[in-house]
Amino acid sequence: MKYLVDSMEMRAMDRHSIDTIGIPSIVLMERAALSAVQEMKGRLIGRPSILVFCGTGNNGADGLAMARMLTMDSYPCEIAVIGNVSHATEEWKLQCHICEQMKIPIRYDIPDRAYIIENRFSVLVDAMLGTGLSRLVSGSYEQAIQAMNAADTYRVAVDIPSGISADTGQVLGTAVRADLTVCFQYRKLGTLLFPGRVCSGEVAVTDIGITPQSFDAVSPKAFTMGPEDIADLPARPPRSHKGSFGHVLIMAGSRNMCGAAYLSALAAYRAGAGLVRIYTPEENREILQTRLPEAILTTYTTGVFPVDTLQELCKWADAAVIGPGLGVSEDTRRLVSYMLQYGDFPMVLDADALNIIAADENLKQLLGKNHVLTPHMGEMSRLIAQPVSRISVDMPACARSFSDRFGCVLVLKDACTLVSGGDQLYVNACGNSGMATGGSGDVLSGVIGALLAGGQLTGFEAASYGVLMHALAGDRAAEELGERAVMASDIARRIQ
Ligand SMILES: NC(=O)C1=CN([C@@H]2O[C@H](COP(=O)(O)OP(=O)(O)OC[C@H]3O[C@@H](n4cnc5c(N)ncnc54)[C@H](OP(=O)(O)O)[C@@H]3O)[C@@H](O)[C@H]2O)[C@@H](O)CC1
Ligand SMILES: [K+]
């Protein structure tokens, strides 16, 4: 598990380290600059000429310190100061004074592409704007960013590419497109969220001497996970039977539409469920029994609402997945409404269940801690009656506000899927574009359903690990088949 921080959290940690623990700001800065230089040098061949673009805040001060270290290490190095020097921080003034004493060339106008080519700079360092970015980029910063992007060079961003919001990953006007970003102490949330992730290039995180003590008892809320974190899932006891791992009820599929039910059920079994039961229209019986004989089937006839059967199913289930391929009809509306009222166990609400809930304010009011909702951007837009463009501007805030308001877990599916619940935010860093394929969401809902049914994870944990397992399976599928060829069933079969 790795923490991700936003600008406010990072500022609070910097302040606590400086004011309470007593580490001077300039000491943190020295380690930051040294670590960035080391990361950079490890990727360079020979001693290329380097131009360091410095703003006038502490991100710029980092850049000045880096220019000093690079010069001392015999790299031909020059500094370009961007922005208003009258706003410079104390650290900046000190670092600038040292550079002047060392006679490192400093220029105060904006170098253009021609200047960069003429002087054969093949590495550009972006130390203009860091976590202090507070508004749309314009004027001299905008020109400098454009000059950096126009040059055919290796670009290194200090802490975060200038112009990317550390909180949302959005481009605030314009942003540097870096090949390497060196994040200090913690990865900034905006370097993982799109489009910040694309602008950040390779991301290295370095230790600058801020300890967990600097959290001041409040840990960062966002985190990410990788393949190594799967080992933290509760172990399966060796002495177990199929009842030990939970019963998953999959309410999915509609008349002659059984693919979603099949994929979700298959994924639930692959993710470790003990027993999977599919509740679907009678017409789907034959094909599902043929495709997935391991699943138990309970079927219903369109137009009939079998309350007794539903009562039995609710007694049987440890967790449910409701919605894949369900369709939006009076039958399914009654089904979703019944399950929200009487299903007293964790459940995943996906696809058409979400569309049904979106259209009925009374159903929304039934949402709570038992519920994991898994909307993609279109479904989210319907749930909150906001356009997708509005959601994209700040996905973490949108996910948080929904999960807070309804007390549920929200999985907001996108190229960078988020899971929000309680006070936490999981940001998925795995997976690939091959997973943007029909049925991929049905597979995810089945995985989360199985993890919920296991009974050892909270809704938030099941959803986060579910997203991770699904993404890792997608990566295995892409590695074997190529991203273009991946289908949902390929993902389901590679869940481990
Ligand atoms: N001890 C520490 O704290 C440590 C901090 N560290 C480093 O400090 C960084 C944070 O430094 P920071 O807080 O000084 O903010 P920073 O990113 O330099 O930006 C502020 C400047 O930007 C300006 N500005 C903002 N938006 C703008 C816009 N759109 N367009 C134009 N200008 C804009 C703003 O201008 P003003 O509002 O004053 O006019 C101000 O001049 C952090 O990312 C890390 O690199 C490390 O060394 C470790 C120790
Ligand atoms: K920067």
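**Helices, packing and the ligand shell**

Modeller: Just after H3, serine 74 takes a positive phi of about 70 degrees. Please keep in mind that this is a predicted model.

Colleague: What is the overall make-up of the secondary structure of the protein chain?

Modeller: The protein chain has 19 helices and 19 strands. Its C-alpha atoms fill a box of roughly 85 × 45 × 45 Å along the principal axes.

Colleague: How much of the protein chain counts as buried?

Modeller: Of its 496 residues, 52% count as buried. Among contacts in the protein chain with a separation of 6 or more, 74% come from residues 24 or more positions apart.

Colleague: Back to H3, then. Is H3 mostly covered or mostly uncovered?

Modeller: H3 is mostly covered, with 12 of its 15 residues buried. The buried residues include Asn58, Asn59, Gly60, Leu64, Met66 and Arg68.

Colleague: And what covers the buried residues of H3?

Modeller: The covering elements include the helices H2 (25-41) and H4 (90-101). Strands E2 (49-54), E3 (77-81), E5 (121-127) and E6 (154-158) also take part.

Colleague: What span should H3 have, and what do its ends show?

Modeller: H3 runs over residues 58-72, and at 1.5 Å a residue its 15 residues should span 21 Å. The expected span is 1.5 Å times one less than the number of residues. The end C-alpha atoms of H3 are 21 Å apart, so the two values agree.

Colleague: Now the ligand. Which residues come nearest to ligand 1?

Modeller: There are 31 residues around ligand 1, and Gly57, Asn58, Asn59, Gly130 and Gly132 come nearest. The elements giving two or more residues to that shell are helix H1 (7-21), H2 and H3.

Colleague: How do the residues of that shell around ligand 1 divide?

Modeller: The shell around ligand 1 has 12 nonpolar, 15 polar and 4 charged residues.

Colleague: One more topic: at what angle do H11 and H12 pack?

Modeller: Helix H11 (residues 330-342) and helix H12 (residues 351-358) pack at about 85 degrees, and their axes are 10 Å apart. Angles of 65 to 115 degrees count as roughly perpendicular, so H11 is roughly perpendicular to H12.

Colleague: Which residues meet there, in H11 and in H12?

Modeller: From H11, Thr332, Arg333 and Val336 meet Asp352, Ala353, Ile356 and Ile357 of H12. By class, this contact of H11 with H12 has 4 nonpolar, 1 polar and 2 charged residues.

Methods: Residues numbered from 1 in each chain as written. Chains lettered and ligands numbered in written order. Predicted model: local features only at pLDDT ≥ 70, side-chain atom pairs only at ≥ 80, totals over all residues. Helix = DSSP H or I, 4+ residues; strand = E, 2+ residues; numbered from the N terminus. Buried ≥ 20, exposed ≤ 12 C-beta atoms within 10 Å, placed from the backbone. Contact = placed C-beta atoms within 7 Å. Axes fitted to C-alpha atoms, helices over the stretch in contact; angles between N-to-C directions. Parallel < 35°, antiparallel > 145°, perpendicular 65-115°, else oblique. Nonpolar A, V, L, I, M, F, W, Y, C, P; charged D, E, K, R; others polar. Near = placed C-beta within 6 Å.
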